[in-house]
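Could you walk me through this protein, starting with the overall fold and ending with a couple of individual residues?

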Amino acid sequence: MVEPGSPVLPRHSAALGLTLFAAIALPIVGDASVLDWLLAIGARDPIAALFGLFIFGAPFLFGLAVAIASVLHDRGRAAQVIQVPLSIIHAVLVLHAGALLQAPGIPLRLSFIGFTAVACIYYLYAKAEAEAADRPLGPRWLTRWGGVVLTGATFWLHFQTFGHRPFGLAVHVTLAAAFLLAATTPRERAGE
């Protein structure tokens with residue numbers, strides 16, 4: 001159980017969240033990072049860069065949210081901070097899966113579509129069940145689930161590179177940080 005006055009997530013979650021957030025500046029394709037793309041877009045159209053941050057930067061914003069939630073002492077606020085980028089990640093997964101429906105030549109596209117369907121349905125189910133029981137999803141559950149979802153999505157990206165030019169360091173760091181968040185964040189206990 002979390003001691004009153006102590007952060008609701010363990011310290012290592014902050015480090016992993018910041019690692020995930022920092023991956024925005026690492027190369028993703030060639031020498032270019034997502035941050036490079038956003039800055040180039042922002043020079044032409046700041047609004048488009050803001051939308052790009054929410055779409056392409058959602059995993060990195062999730063990492064920042066986990067880092068922020070790791071220093072908060074209020075369980076409800078910490079959960080809200082994490083839930084916003086996590087919900088955006090699910091929305092982006094749905095948009096990407098919808099685009100893959102139109103692209104029959106993409107390897108393993110049905111696995112990604114199935115993964116997205118299961119991940120989104122489970123997230124909605126868990127959220128609805130928790131709200132119905134009057135015990136909203138906590139920051140630990142949200143952090144673990146976000147790690148699971150990002151691990152699955154980045155693994156799928158790795159499979160896309162077999163026989164092709166591999167992704168850059170950003171995908172590898174995202175995969176490692178997401179996996180470690182999912183594996184090392186303690187479970188919520190009854191009454192937390």
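Here is a tour from the whole chain down to single side chains.

Keep in mind that what you're looking at is a predicted model. The protein chain has eight helices and two strands.

How does the overall size look? For 192 residues, a compact globule would come out with a radius of gyration near 16 Å, and the protein chain has 17 Å, so the two agree. Along the principal axes, the C-alpha trace spans about 50 × 35 × 30 Å. Of the 192 residues, 41% count as buried. The protein chain exposes about 10300 Å², with carbon and sulfur atoms supplying 71% of that area. As for contacts between residues at least 6 apart in sequence, 71% of them join residues at least 24 apart.

Now for the inside. The largest nonpolar core has 33 residues, and the ones with the most contacts inside it are Phe 62, Ile 82, Ile 89, Trp 141, Leu 142 and Trp 145. Two or more residues each come from helix 1 (11–22), helix 4 (58–69), helix 5 (75–101), helix 6 (109–132), helix 7 (139–160) and helix 8 (169–184). Helix 5 gives the largest share, eight residues.

Setting aside neighbours within four places in sequence, Leu 142 is in contact with Phe 62, Ala 79, Ile 82, Gln 83, Leu 86, Tyr 123 and Leu 137.

Next, have a look at Thr 174, which lies in helix 8. Is Thr 174 buried or exposed? Its relative accessibility is 4%, and because the cut-off for buried is under 20%, Thr 174 counts as buried. Not counting residues up to four places away in sequence, Thr 174 touches Leu 20, Ala 23, Phe 60 and Thr 154.

The last stop is Arg 109, in helix 6. Arg 109 is buried yet has no salt bridge. Where is the nearest side chain of opposite charge? That is Asp 45, 30 Å away, against a salt-bridge cut-off of 4 Å. With neighbours within four places in sequence left out, Arg 109 is in contact with Leu 100, Leu 101, Ala 103, Pro 104 and Trp 156.

Methods:
Residues numbered from 1 in each chain as written. Predicted model: local features only at pLDDT ≥ 70, side-chain atom pairs only at ≥ 80, totals over all residues. Heavy atoms only, no water. Core = buried A, V, L, I, M, F, W, Y, C linked by side-chain atoms within 4.5 Å. Buried < 20%, exposed > 50% of the residue type's maximum accessible area, 1.4 Å probe, protein only. Helix = DSSP H or I, 4+ residues; strand = E, 2+ residues; numbered from the N terminus. Contact = heavy atoms within 4.5 Å. Lys, Arg positive; Asp, Glu negative; His and termini not counted. Rg over C-alpha atoms; globule rule 2.2 N^0.38 Å. Areas by Shrake-Rupley, 256 points an atom, 1.4 Å probe, with all protein chains shown as cover.
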